Amino acid sequence: MSNTEAWNQVLRQSAEQLYAHELEALKKADTGHVPPGWSMSPQSVLTFITGGKAGKIDITPKYIGNRRLVEMAIATLVTDRALLLIGEPGTAKSWLSENLTAAIYGHSGLVVQGTAGTSEEHVRYSWNYAMLLANGPTQQALVQSPIMRAMEAGGIARFEEISRCASEVQDALISILSEKTISVPELGQEMQARKGFSIIATANTRDRGVNEMSAALKRRFNIIVLPAPDSLDTEVEIVKKRVAEIASAYELQAAVPTDDALHKVVTIFRELRQGMTLDRKDKVKSPAGVISTAEAISLLTNSMSLAASFGGGEMTDEDLAAGLQGAIVKDDDKDRVVWQEYLDHVMKKRGAEWRGLYHACKELNG
């Protein structure tokens with residue numbers, strides 16, 4: 001089996017696999033200065049992220065939003081500063097981080113996933129304890145963290161949801177970002193980062209107060225805040241693009257959502273998220289859970305799966321209603337009341353084109 005055939009069997013391809021032909025085309029067409037350790041010039045990285053052309057190859061946009069924010073992120077990584085992407089859930093922090101890493105370094109898999117269980121060993125290094133007991137501390141017994149591997153190779157490591165980690169784990173990064181070294185006293189060695197090394201971290205604004213980052217650590221990052229999509233049309237474009245990509249990857253045997261279905265879902269999400277109808281005439285209550293762009297993408301993908309598996313392949317109001325119910329009503333008591341009020345006070349009044357979806361939602365929420 002060829003590498004291409006093997007990749008096609010992977011449930012979720014990495015960015016460098018999914019867009020391999022685009023990355024190769026950009027490298028061939030690149031005429032700009034390539035910084036040490038990079039695969040292509042900053043201008044080509046920008047084209048990869050925001051879309052454009054490389055020779056005769058169309059480069060699809062990976063991030064639809066403020067182009068200047070992407071330029072700032074890339075410029076940060078040209079220097080020795082680390083990058084911190086902050087935003088609400090669903091603002092494409094991880095997606096942007098992965099695609100930036102794929103374009104710059106060609107390998108986006110050096111990842112530390114921040115959780116309450118993440119330890120300092122995940123940031124620095126650990127040991128193969130069987131080898132350690134048998135032979136003592138040796139180079140062979142050393143288990144490098146993704147960050148240490150990135151330092152050794154001159155690549156980029158990703159630190160997802162950094163604010164989910166305990167403060168002592170976060171602070172293990174301070175010396176790494178300041179000195180660009182990791183000391184291994186057991187071996188009397190010091191790992192020094194090669195040119196090209198950097199870290200892209202992400203943090204969720206909903207996690208503020210969980211493990212607040214120290215001022216000392218924040219000073220080691222250039223911080224970029226990624227906003228939610230600023231308009232209905234922009235959010236619809238994002239959702240439409242990602243749903244089509246995911247449906248293709250999963251080989252869902254259903255028609256892609258119509259523009260009408262996309263606009264309805266995004267309208268509902270934006271109104272519940274903002275606590276107000278789009279025309280700003282009526283206030284609405286917001287559910288306890290996250291009503292993000294990523295949730296809208298997941299909802300529509302699941303609705304396509306329903307239509308393909310148990311329908312005629314065309315997404316119906318019943319398929320959409322099932323997805324909406326699951327996405328919005330997460331806290332049964334509070335969210336069910338919020339959703340019921342939205343149906344009765346907003347959706348019901350929107351006329352004939354919304355009537356089918358309204359009745360399908362009412363049936364499920366009744």
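## Strands 4 and 7

Three bridges join strand 4 to strand 7 (residues 156–160), and the two strands pair in the parallel sense; here two strands count as paired if DSSP finds at least two bridges between them, while helices (H or I, at least four residues) and strands (E, at least two) are DSSP runs numbered from the N terminus. Within this pair, Val112 has Phe159 in strand 7 as its bridge partner.

This is a predicted model, in which local features need pLDDT of at least 70 and side-chain atom pairs count only at pLDDT 80 or more, whereas totals for chains, interfaces and linings use all residues. Residues are numbered from 1 along each chain as its sequence is written, and side-chain values use heavy atoms, with hydrogens and water left out.

Five strands, paired in parallel, make up an open sheet in the order 4-7-10-3-11. Strand 4 (111–113) and strand 11 (221–226) stand at its edges and have a single partner strand each, so one side of each is left without a neighbour in the sheet. From one strand to the next, the twist averages 15°, an angle taken, on a scale from 0 to 180 degrees, between N-to-C directions of axes, which are lines fitted to C-alpha atoms, for helices over the stretch in contact.

Helix 9 (residues 146–153) packs on the sheet and touches strand 4, strand 7 and strand 10 (198–204), where contact means heavy atoms within 4.5 Å. The direction of helix 9 makes about 160° with that of strand 7.

## The hairpin

Strand 8 (residues 181–184) and strand 9 (residues 189–192) run antiparallel and are joined by four bridges; among the residues involved, Ser183 has Glu190 in strand 9 as its bridge partner. Four residues lie between the strands of this hairpin, in which Gly188 takes a positive phi near 65°.
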